[in-house]
Amino acid sequence: MAGQPAESGPNTDRPAIVLASASRARATMLKAAGVAFTIDEASIDEDEVKAALAAERATPPQVAETLAELKALRVARRHPGSLVLGADQVLALDDALFDKPKDRADAARQLAALAGKSHRLHSVAVVVRDGARLWHHGDMAELTMRPLTAEFIDLYLDRAGDAVTRSVGAYQLEGLGAQLFTRVRGDFFTVLGLPLLPLLGFLRGHGVVPA
């Protein structure tokens, strides 16, 4: 996806940033906020990185920050002089970290594990340029999922389709996933995977969006 054209928007005459992510949710947020950007997906072995961090007993925010920075640094090599945005999100239920479901069966297992409990989403954004980190911000949201029957989980997975494998926890709060919860505490953009408002503040200071 390297070199994908900048998204259209009211600020396309301003400097574009490079989004080191293939996340549809993050691209949608940036586009809706009027940020000009190109997409160049980072290629890193997240499982290997997470295993190393687990051995070091890294906290969930540290895991998200490390992955976000690695993505940004990897892509920045291909874009000298550009602002490159890396982002990552980690779902933590007590001491357990969740990854995106591999398939429908894995999604069902995740939902059954989360049902009736509260979990935390840690979202981190990192901006680098030419190998140097210029800015980062992390935020956390806490979500309480209602008890779910096996029958409802099957119905939900039928209706949600393949989209459940694109999001950790097997849900997208902006869509059908809203039916899974009784309470959400925290910033909505953080739940979607990007601390957008602090990021916009940083981008205003660098002329990417109007001040």
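This is a predicted model: local features need pLDDT of at least 70, side-chain atom pairs count only at pLDDT 80 or more; totals for chains, interfaces and linings use all residues.
Contact means heavy atoms within 4.5 Å.

Figure 1. Residues are numbered from 1 along each chain as its sequence is written, and side-chain values use heavy atoms, with hydrogens and water left out. Seven helices and seven strands make up the chain's elements. Helices (H or I, at least four residues) and strands (E, at least two) are DSSP runs, numbered from the N terminus. Their order along the sequence is β-α-β-α-α-β-β-α-β-β-α-β-α-α. The radius of gyration is 17 Å, close to the 17 Å from the globule rule for 211 residues, so the chain is as compact as a globular protein of that length. That radius is taken over C-alpha atoms, and the rule is 2.2 Å times the number of residues to the power 0.38. The C-alpha trace spans about 50 × 40 × 30 Å along its principal axes.

Figure 2. Of the contacts with a separation of 6 or more, 68% join residues 24 or more positions apart. Buried residues are 45% of the 211 in the chain. Buried means under 20% relative accessible area, exposed over 50%, and partly exposed in between (1.4 Å probe, protein chains only).

**Figure 3. The buried side of helix 7.** Which residues of helix 7 (residues 196–205) are buried? They are Leu-196, Leu-199, Leu-200, Phe-202 and Leu-203. These residues cover an arc of only 160 degrees around the axis, which puts them on the same side of helix 7. The arc is that of the directions from the helix axis to the C-beta atoms. Their cover includes strand 1 (17–19), strand 3 (84–93), strand 5 (118–129) and strand 6 (132–145). Helix 1 (24–32) and helix 6 (188–192) are also included in that cover. After helix 7 comes Gly-207, with a positive phi near 75 degrees.

Figure 4. Arg-120 lies in strand 5. Is Arg-120 buried or partly exposed? Arg-120 counts as partly exposed because its relative accessibility is 40%. Neighbours within four places in sequence are left aside here; Arg-120 then contacts Val-90, Leu-91, Ala-92, Met-140, Ala-141 and Glu-142. Val-184 is 64 residues from Arg-120 along the chain, yet their C-alpha atoms are separated by 9.9 Å.
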